[in-house]
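Colleague: I would like to learn how to read a protein model, one feature at a time. Where do we begin?

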Amino acid sequence: MTTPPVGGPAAVSVPAPVPASISGPGREPAYQRFLDEAAATTGDLLADTVAAIRAGRLGRGLWHPTGFGTFEVAQVPGLGLVRVHVWPEGLRRGLPGHPSVHQHCFHLYSRVLAGEYRESQYGIVAPHEHGPHEVLPGARRLRVYTVRPTGVMGKDELYETGEDLDVVPTLRAARFPAGTWHEIPVRTFHATPIARNRFCVTLAVLSLPVQGAADVLLGRPGGGSSVSVRRVVSDEEQELMRSQFIAAEGSAAPGAAAPAPAFSAPGSQGSAPPDPR
């Protein structure tokens, strides 16, 4: 989870001037092992992945319903799925009305390769804290949607439950520039407020599903239940992503061929390898 520094306030103001710090102590051993293995795996894959992006050789990509492109890099036994995620400047291919606030059935670890990733997170207001028709100041009441497994790659089935949850922001549009990393543990409600006029590329690890966890989305009521098939990223769209990635590297290091980026923990200085411990 991307959290404020230990002992700091419960929320991060918008915009955060530096990436939010990641709290180290108190992680469950299984989650810590995932972070360590994900950091090592993405380190091993980093150079080849960056080279594939520069050369336009990422292979078949799919548009996620929230609007960013996804490209599978590797399936790692015992760890999970490694993907490249791309938010192209000026281009999103999301489903209209698709809920943006959601939680995963897996842990996520992500290196920011180019541009700037942004992360917002939300906590649930317990029902006993207010009346059934009262929404506390600063909270939002959102409809609960669940995702039913289809067993088909790129096919999503969304189900509107008729239930609502009240949520409050715990992290607001925290910024993670190229060369940093972030993490989202299972069951963390979050959103990715990367504006359409912004560019971002990450190398992400999605853990194996956590037992008992489910993908849950929060949005406006009345969206209904639906089945959708994710749109394939076209050759022209992938070329746009490639050219924007190269341009982002060039703006970071004008006049030089940029190497694969070095990484440091959010909120820290320097270019040390990622170490989530």
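Predicted model: local features only at pLDDT ≥ 70, side-chain atom pairs only at ≥ 80, totals over all residues.

Colleague: How much space lies in the largest cavity?

Modeller: The largest cavity holds about 40 Å³ of space.

Colleague: Which residues line the largest cavity?

Modeller: The lining consists of Ile-53, Leu-58, Val-86, Phe-199, Val-201, Gln-238, Met-241, Arg-242 and Phe-245. Sorted by class, seven of the lining residues are nonpolar, one is polar and one is charged. Helix α2, residues 235–252, supplies the largest share of this lining, with four residues.

Colleague: How many helices and strands does the chain have?

Modeller: There are two helices and twelve strands.

Colleague: What share of the residues counts as buried?

Modeller: Of the 277 residues in the chain, 47% are buried.

Colleague: Can we take a single residue as an example? Is Thr-42 buried or exposed?

Modeller: Thr-42 sits in helix α1. Its relative accessibility is 0%, and buried means under 20%, so Thr-42 counts as buried.

Colleague: Which residues does Thr-42 touch, leaving out those up to four places away in sequence?

Modeller: Thr-42 touches Tyr-109, Arg-111, Leu-203 and Val-205. For the chain in general, take the contacts between residues at least 6 apart in sequence: 82% of them join residues at least 24 apart.

Colleague: Next, charges. How many salt bridges does a search of the whole structure find?

Modeller: Side chains of opposite charge can pair when their charged atoms come close. The search finds eleven salt bridges in this structure. One of them joins the side chains of Glu-183 and Arg-27, at 2.7 Å from N to O. Glu-183 belongs to strand β8 (residues 181–184), while Arg-27 lies in the segment before α1 (29–55), so the pair links distant parts of the chain, 156 residues apart. Both Glu-183 and Arg-27 are buried.

Colleague: What does Arg-141 form a salt bridge with?

Modeller: The partner of Arg-141 is Asp-166, and their closest N and O atoms are 2.7 Å apart. This pair also links distant parts of the chain: Arg-141 is in strand β6 (residues 140–148) and Asp-166 in strand β7 (residues 155–177), 25 residues apart.

Colleague: Why does Arg-141 count as partly exposed?

Modeller: Arg-141 counts as partly exposed because its relative accessibility is 29%, which falls between the 20% and 50% cut-offs. Asp-166 has 5% relative accessibility and therefore counts as buried.

Colleague: Which residues are linked in a network of salt bridges?

Modeller: Arg-93, Arg-231 and Glu-237 are linked in such a network. Within it, the side chains of Arg-231 and Glu-237 meet at 3.8 Å from N to O. Arg-231 is partly exposed, with a relative accessible area of 46%. Glu-237 counts as buried, at 6% relative accessibility.

Terms used:
Residues numbered from 1 in each chain as written. Heavy atoms only, no water. Salt bridge = Lys/Arg side-chain N within 4 Å of Asp/Glu carboxyl O. Buried < 20%, exposed > 50% of the residue type's maximum accessible area, 1.4 Å probe, protein only. Contact = heavy atoms within 4.5 Å. 1 Å grid on protein atoms, 1.4 Å probe; cavity = no way out; pocket = protein on both sides within 12 Å on 5 of 7 lines; lining within 4 Å. Points joined across faces, edges and corners; volume = space filled by probe spheres on them. Nonpolar A, V, L, I, M, F, W, Y, C, P; charged D, E, K, R; others polar.
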